Amino acid sequence: MTAAADLIITNAEVHTLTDSDTVHEAVAVRDGEIVRLGDADELAFLEGVETDVLDCEGRVVLPGFIDAHTHMEQLGQHLVHADLSSADSAESCVDLLSQQAEADPDREHVLGFGYDESSWDGSRTQPLTREELDRVSEERPVVALRVDLHTVSLNTAALEAFADDLPDDDLRYADGEPTGVAVEDAAEAVRSQLTAGREEMREVLAAAMARAVELGVTGVHDKVRGSRAPQIYRELAADDDLPIRVRIDYWSDHLESLVDVGLATNAGGDRVRTGAIKSFSDGSFGSRTARLREPYADAETDGNGDDARGQWVVDPDELASVTDRASNEGFQICVHAIGDEAIEETLSLLEETPNAATARHRIEHAELVTDDHLERIAEAGIVASMQPNFHRWADEGGLYDQRLGRERRNRTNRLRRVLEADVPLAFGSDCMPLDPLLGVQYAVNAGTEAQRLSVTEALRAYTRGAAYAGFDEDRLGTLEVGKRADLVVLEASPWDRSERIDEIDVAKTVVDGETVFDGGE
Ligand SMILES: [Zn+2]
C-alpha cells in the first residue's frame, strides 16, 4: 500500500530540464518532495481523499527559477519606497517623492531610490539638491539615493536628522551652505541608518520576496553587506514565513565574524544557507571602471594610460589576501570581474586557492571572458555566474558599443562559448531587474551566435546551473523523483514563444509543494 500524494499536478507539460529534458504529463508530491513523474493515469493510484489535484489545462511546468545573483534589500527598497529609476528629471523625482510622502504619511522618512541624473533629459551632472528636496517636505526628512548608492541627497530636515552621523569631509558645500549632497562614507552612514531597524528590514525583504515569487523565483543567492538581512532571513525561516530559499553570499568584511560563529559555506537548513565570500576586482562598463586590457573606445583620457583602461575596485593585493584567507577557511569565493584584465587577475587568484578543486569558486559577471580564460575556468572547476539581461546594453549603438566598440561588444557575455567550453553556467539578474524570463529572452535572442542559447539551455542555466553554483544539484534545479517540489507553472510555452518569452506570465509558483504565488487568485 503506497501512501497518497499531497499534491498531484496534472494535465501539464512538465519539463524535467534534465539532460534529455523529458516531458511528462503529471507530477506527484509528498512531504514537499517529488515522488513520481509520468502520465496522468500512471499517477492516479497516488490520489487519496486528501490529495490536492491541480489541473494545469496543458500549461508548461518547469523547475523553479534560482537567481544566482540578487540584491534583495535594494529590490525591496525600490518596491516599498519611491522608485526613482525611471524619472527623467529632477522635477519628476520631486513629483514621485511627493506622491510617496502623501501615500505613506505615517512613515518617519520619505525615501526614494535609484535616481540617475546622467540619464535625464538635458545634460545635468549635479545630483539632486537640498533645495529641490525641500519642495517635497520642509518638516519630514527626505532622502533620495542615487542609483550607484555612492551619493545620497538630503533635504534640510534630513541633514538635521542625520547630522551626528555625517562626516563633514563627505558633505558637499556651495557658498558655505550644504548642498544636501552626501557622498561615500556620509552616503553609507545614511544608507545604513535607513534599514537599521528590524521592522524596516522585514518589510523590504518581504516586498522583494513577494515580487520574486510572482516571477517564478523559488531561490536566490543574495549578496549581502553590512545589514540585518541574514538575521531577518533566519528569523523568517524559523517562523515558517520565508517563501523562497535564500543562499547568503557575504561581503568579505563579514569573513572573520562568520569564522568566529562557525558558519561555513553550505551551513544552514532547508531554506537559509551560508554561501560564498564575495569580493570585487573591478567596476562596470557603464561607469568605465571595468578593468580592460585595451582602452575604452570612448575613454575620457587620451592614450593607453592606466585610467583609460578602467580601474580596480578592490586592489589586486587586497583581493589576494581575501581569497587567501577565505579559501584557507574552506569558503567558496565569488568575485565580481567584468573586464578581460579583471577576469585574468581574478582567475589567477582563484586557480591558486588550496580548495579550488572542490569549492566551486565563482566569477560574477565574467562579461569579457576570453577563450583562453574559459579553458582555464573549466580546468579549475570555476562557475561562470552570468546575467543574460546585460545583453540589453550590447545592441548596435548601445552602451557597450560606445564603451567597447563593435568587436569587443560582440565578445561580451558569450553564453554559448561558455557552455561549449564546459564551464558550469549559472544565471542571475543582479536585480537589473529581477526577472528570469526576461533574462531567458535576452539569452535566446542575443546578437551573435556565440552569445545566444537555445530556450532549453537558457532555462537550464536559470535552474540547474544556478543550483549547481549553490551546491544544490542533489535537491533542486531539475524535476526528478527525490528532489524538492520547487516549480513554476507558466501561462505559455517559452519554446512556442521564443521571440517574446519576457511576456509570458507566471501562473503559479510552488516551493516544497506549497503554493507561494497564485496568479489566478
Ligand atoms: Zn551585484
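## Briefing: cysteines, zinc site and an open sheet

Cys334 is buried, at 0% relative accessibility. The model described here is predicted. It contains a zinc ion held by two histidines and an aspartate, namely His69, His71 and Asp430, and an open sheet of 4 strands.

**Cysteines**
- The cysteine sulfur closest to that of Cys334 belongs to Cys431, and at 14 Å it is too far away for a bond.
- For Cys431 the closest cysteine sulfur is in turn that of Cys334, again at 14 Å and too far for a bond.
- A disulfide requires the two sulfur atoms to lie within 2.5 Å, and by this rule the count is 0 disulfides.

**Zinc site**
- The zinc ion is coordinated by NE2 of His69, NE2 of His71 and OD of Asp430, at 2.1 to 2.2 Å.
- Along the sequence, the spacing of these donor residues is H-x1-H-x358-D.
- His69 is buried, with a relative accessible area of 1%, which falls under the 20% limit for that class.

**Open sheet**
- The 4 strands are arranged in the order E5-E4-E1-E6, and their pairing is mixed.
- Strands E5 (33-38) and E6 (52-55) form the edges; each has a single partner strand, so one side of each lacks a neighbour in the sheet.
- From one strand to the next, the twist averages 15 degrees.
- Strands E1 (residues 7-10) and E4 (residues 26-30) run antiparallel and are joined by 3 bridges.
- Leu7 has Val29 of E4 as its bridge partner.
- In general, strands of a sheet pair through backbone hydrogen bonds, in either a parallel or an antiparallel manner.

Terms used: Residues are numbered from 1 along each chain as its sequence is written. This is a predicted model: local features need pLDDT of at least 70, side-chain atom pairs count only at pLDDT 80 or more; totals for chains, interfaces and linings use all residues. Side-chain values use heavy atoms; hydrogens and water are left out. Donors are N, O and S atoms within 2.8 Å of the metal (3.2 Å for Na, K and Ca); water is not among the atoms, so sites may look incomplete. Buried means under 20% relative accessible area, exposed over 50%, partly exposed in between (1.4 Å probe, protein chains only). Two strands pair if DSSP finds at least two bridges between them. Axes are lines fitted to C-alpha atoms, for helices over the stretch in contact, and angles run from 0 to 180 degrees between N-to-C directions.
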